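Please work through the exercises below with the sequence and the structure in view. Each task is followed by a solution in steps.

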Amino acid sequence: MDGIPIPDLLHAIMPIWELDSYTDTPFCMMQAVPGDSLDLDYVKCCADAVGCQPAWIERYAFYEKARKAYAIVHTGETRKYGNVLLQKGVIPC
């Protein structure tokens with residue numbers, strides 16, 4: 001997905017992707033390290049695309065959770081803290 005910004009990718013996949021309704025954190029983003037700041041417009045765009053607010057995960061806990069991911073999609077996103085984690089649920093018939 002090189003060159004595609006994450007909000008655009010999320011807008012494209014969310015109509016056919018069901019988030020896991022049995023977890024409190026189906027959409028996660030990395031928490032900023034003290035002293036860093038987040039691009040709040042980017043966070044809003046992602047939340048709007050997904051349809052809910054993200055759960056914030058500490059940096060190293062985020063890396064650990066990402067290591068256990070079923071699939072990783074690389075994009076051209078260059079924003080600091082631009083990574084997201086989505087947990088897929090059951091797609092209704």
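This is a predicted model: local features need pLDDT of at least 70, side-chain atom pairs count only at pLDDT 80 or more; totals for chains, interfaces and linings use all residues.

Residues are numbered from 1 along each chain as its sequence is written, and side-chain values use heavy atoms, with hydrogens and water left out.

**Exercise 1.** Determine whether cysteine 28 is buried or exposed, and list what it touches.

*Step 1.* Locate the residue: cysteine 28 belongs to strand 1 (residues 27–30). Strands (E, at least two residues) and helices (H or I, at least four) are DSSP runs, numbered from the N terminus.

*Step 2.* Buried means under 20% relative accessible area, exposed over 50%, and partly exposed in between (1.4 Å probe, protein chains only). Cysteine 28 has 1% relative accessibility and therefore counts as buried.

*Step 3.* With contact meaning heavy atoms within 4.5 Å, and residues up to four places away in sequence not counted, cysteine 28 touches Pro54, Ala55, Ile57, Phe62, Lys65, Asn83, Val84 and Leu85.

**Exercise 2.** Identify the partners of strand 1 and their directions.

*Step 1.* Two strands pair if DSSP finds at least two bridges between them.

*Step 2.* Strand 1 and strand 3 run antiparallel, joined by 3 bridges; within this pair, methionine 29 has valine 84 as its bridge partner.

*Step 3.* Strand 1 and strand 2 (residues 55–57) run parallel, also with 3 bridges. Here cysteine 28 stands opposite alanine 55.
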